[in-house]
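User: Could you walk me through this structure, please?

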There are 2 protein chains.
Amino acid sequence: MARQMFGFIALLCLYAVTQGLPSRHIQTKHHEPNKDQPQFKEKYFTQILDHFNFNSMGNGTYDQRYLITDQYWKRGYGPIFFYTGNEGDIWEFALNSGFITELAADQKALVIFAEHRYYGKSLPFGQDSFSIPEVGLLTVEQALADFAVMITALKPQLGASECPVIVFGGSYGGMLSVYMRLRYPNIVAGALAASAPILSTAGMGDSRQFFQDVTHDFESYAPECRDAVRGAFQKLQDLSEVEDYSRIQAAFSLCKPPSSQKDIHQLNGLLRNAFTLMAMLDYPYSTHFMGNMPANPVKVGCDIMLSGADLLQALRDTAGIVYNSTGILKCFDLYSLYVECADPTGCGLGFNSLAWDYQACTEIELCFESNNVTDMFPPMPFTEAHREQYCSKRWGVIPRPGWLKTQFWGSALSSASNIIFSNGDLDPWANGGVRKSLSSSLVAINISEGAHHLDLRSSNDADPLSVITARKTEADTISQWVKMERRRSK
Amino acid sequence: MARQMFGFIALLCLYAVTQGLPSRHIQTKHHEPNKDQPQFKEKYFTQILDHFNFNSMGNGTYDQRYLITDQYWKRGYGPIFFYTGNEGDIWEFALNSGFITELAADQKALVIFAEHRYYGKSLPFGQDSFSIPEVGLLTVEQALADFAVMITALKPQLGASECPVIVFGGSYGGMLSVYMRLRYPNIVAGALAASAPILSTAGMGDSRQFFQDVTHDFESYAPECRDAVRGAFQKLQDLSEVEDYSRIQAAFSLCKPPSSQKDIHQLNGLLRNAFTLMAMLDYPYSTHFMGNMPANPVKVGCDIMLSGADLLQALRDTAGIVYNSTGILKCFDLYSLYVECADPTGCGLGFNSLAWDYQACTEIELCFESNNVTDMFPPMPFTEAHREQYCSKRWGVIPRPGWLKTQFWGSALSSASNIIFSNGDLDPWANGGVRKSLSSSLVAINISEGAHHLDLRSSNDADPLSVITARKTEADTISQWVKMERRRSK
């Protein structure tokens, strides 16, 4: 199973994988119509630049991208299924959320995927979007207001004034869909929030939970796998303590030998991140969502770890599943394959990763740690103090812990209605979300064999029963919401 | 009843009255402790300057004023009664909302009156607060976030972490208390919104309603009163058509003769505004809330109108109830007694009026007209086009009609809970608010003999039965909310 590395570092951008919350990633694809795929049209909406300050930019606007298809729609009557775009190119989500279009075909819905400001092609200030102060208009509240204003404006234009709107989202997109229902029940009749870590990102979780749950996935496959991973990291630590950098370079096929503890820290981060991605994307078939991933990557990784090869090389080859899926790389470049940022689960690479880093420095709180006690990784603390230090230096901002909890209902979520919180038991984000129903209309669906928002993906022959059942419940619930909304607005 | 005018124009500032939504006004008073009054302490809270942009002002802060008294509080247990300050000096509201402290004494509550940013002494940029772009941080959303952040921070400091919070507000303050319950159910267990024109200010009403209802108050006292007022305005119109400006000056005791249609328009606005204030403040006892007002000012005004004197002089003397309550003015100065702005019901004078003008130019939509058909006033249209023209010139902003409706639940208010919408039938703002209960926990209370948020005022021997009954229902409901919240948060 070991992968050879060859090819050119210059090609890296083609194979750069993204990390952490899904798809802060970004290779632009050529989207040719395909009769098996929905026929999205790509459009732009003239959007308010600053919803919360009438004087900041002289009432400016920017072009917000969205994808739309009416091929399934019962015109003027069927509901609107609206994806609240998250941290990436909107095409990535449209092409990896086939359940929404399958459901649209069933329920005769109009489908819209709206891109989140500062991601993909929805850059309010073009190439200057990540300068200071231009980046300051990147907030959750602005993104939600974008969606609210867009829906309000598009409905009459599309002849859809009477059509109930259901929002969908995965991961951070799922958080946004929850927030849309909380904030705009006048606009949104219900929300399917798939794998939305709505509690842990608001500082309402245990900082050890995430990497503990990544570990748990590997340990569930085989306790020996967990032990092998821990052993490999220990070996790396031993070598770094005696500064045997050339041995480390050789074992990990690094393009340059490490030369400091900083480089070792970077290597540890890069390796840990590979396990994060395999756990998140542990789908039963191969995917090309956040990079290329084989079917059942946790199994594939553990099989490598337990293949009897040298532990360090096994660790390298397991990481290769993520960083070198095509086997094209001859060596690993520590600082271009992985970039440390304010999100310990990774920000990915490129423009979108800048935007996510900024969000993790402001509203989204992701102070997750590994500690080698509750998880199999080296101790890598990331406290509020680390975060503040990094963010003030990088972006000139001081995070305000607790803001998201203040702003989005914190412990009073139970007074909302019409939200499905779906989570997959394999997903390390799951336990940062809502796992128990909060009321009869705030329903938690737990998918025992599901990874990160598997339920949003197209049906597949390899789908486990648990996701098939979950999708059925989701479809029925959404259909009920649409009926309720028609009655309410009569 | 006719009042003589004498004294000095220079003293005007002392007697300037405010107009429109309550108390955008502002003579600073000397607040001496009085054993009949609650013993408020005046404090300042270090508040985030821009909740919605982490980079706009480098994470700055400003000092937000609040008043607090724990004299009634069952320490650590009793609820917090929090007044969401509106467009004026917070002392004005504290001194004119005695029901809240009476209720606090009954229910052992801690009482806080928080000042709205950009009013009173809560000026984020001091004397520069109304420059562009500094004024841009004056929005409803920022004000709500101020309250949310203040409550969240003060609770643990005060040893009140477990104490349910009930918000109170009158008029625009009542709108804010509704919004607090919609937006922050995690922070606020219920809201008493007194005379909150939550629909008409969001563009969801009839533009003729307001002045029609002002007219109705006078007509209810005596149809002849309405006819006399209409006749007086007609006489003024006739004189202005023949440009008999000296006669107009004499009849209205103007300091300078009018010399143009613009002056006549200003005079009409000033006069109409006097009727607005008498209708809003038609309390059964004399008040000093928005200027000095006699008991039953509508009756007083109509008695003057029907006294048999010359109609123009009668109109002048009726306006004198408002503009010259002490009789100190020798003549009326058209442009200092009344300033036209983006709120046709008046913005008042001074710094607070600047802030309200800005709000009426941005989020608060007040396109009310008089037309002499559905009301007794001269036709004075104020359309969205007028508003946009004025606001872009005055403040460099373009209003976004519909924003408040998008942002604050518009037609889906019925999915909220724990709000009392109280309104007085005498109040021209009433029919811009919620007049029918929307659910068992969204209760409309209509006070048949009440003017603008009479229910928030201290008990008075002259109180009509309808307000006594209303306050009793409010007290019982609030006590229930507090109990519910204790159960919920257990």
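This is a predicted model: local features need pLDDT of at least 70, side-chain atom pairs count only at pLDDT 80 or more; totals for chains, interfaces and linings use all residues.

User: In what order do the eight strands of the open sheet in chain B run?
Analyst: The order is S1-S2-S4-S3-S5-S6-S7-S8, with mixed pairing. Strands are DSSP runs of E with at least two residues, and helices are runs of H or I with at least four; two strands pair if DSSP finds at least two bridges between them.

User: Which strands stand at the edges?
Analyst: Strands S1 (41-48) and S8 (442-447) of chain B do; each has a single partner strand, so one side of each lacks a neighbour in the sheet.

User: And in what sense do S6 and S7 of chain B pair?
Analyst: They pair in the parallel sense over four bridges. In S7(B), B:Ser422 is the bridge partner of B:Ala194.

User: Changing topic, how many aromatic pairs are there over all chains?
Analyst: The search finds 47. Rings of Phe, Tyr and Trp (its six-membered ring) pair if their centres lie within 6.5 Å; planes under 30 degrees apart count as stacked, over 60 as edge-to-face and the rest as tilted.

User: How are A:Trp403 and B:Phe52 arranged?
Analyst: Their ring centres are 6.1 Å apart and their planes at 65°, so the pair is edge-to-face. A:Trp403 lies in helix H15 of chain A and B:Phe52 in a loop of chain B, so the pair joins two chains.

Note on methods
Residues are numbered from 1 along each chain as its sequence is written. Chains are lettered from A and ligands numbered from 1 in the order in which they are written. Side-chain values use heavy atoms; hydrogens and water are left out.
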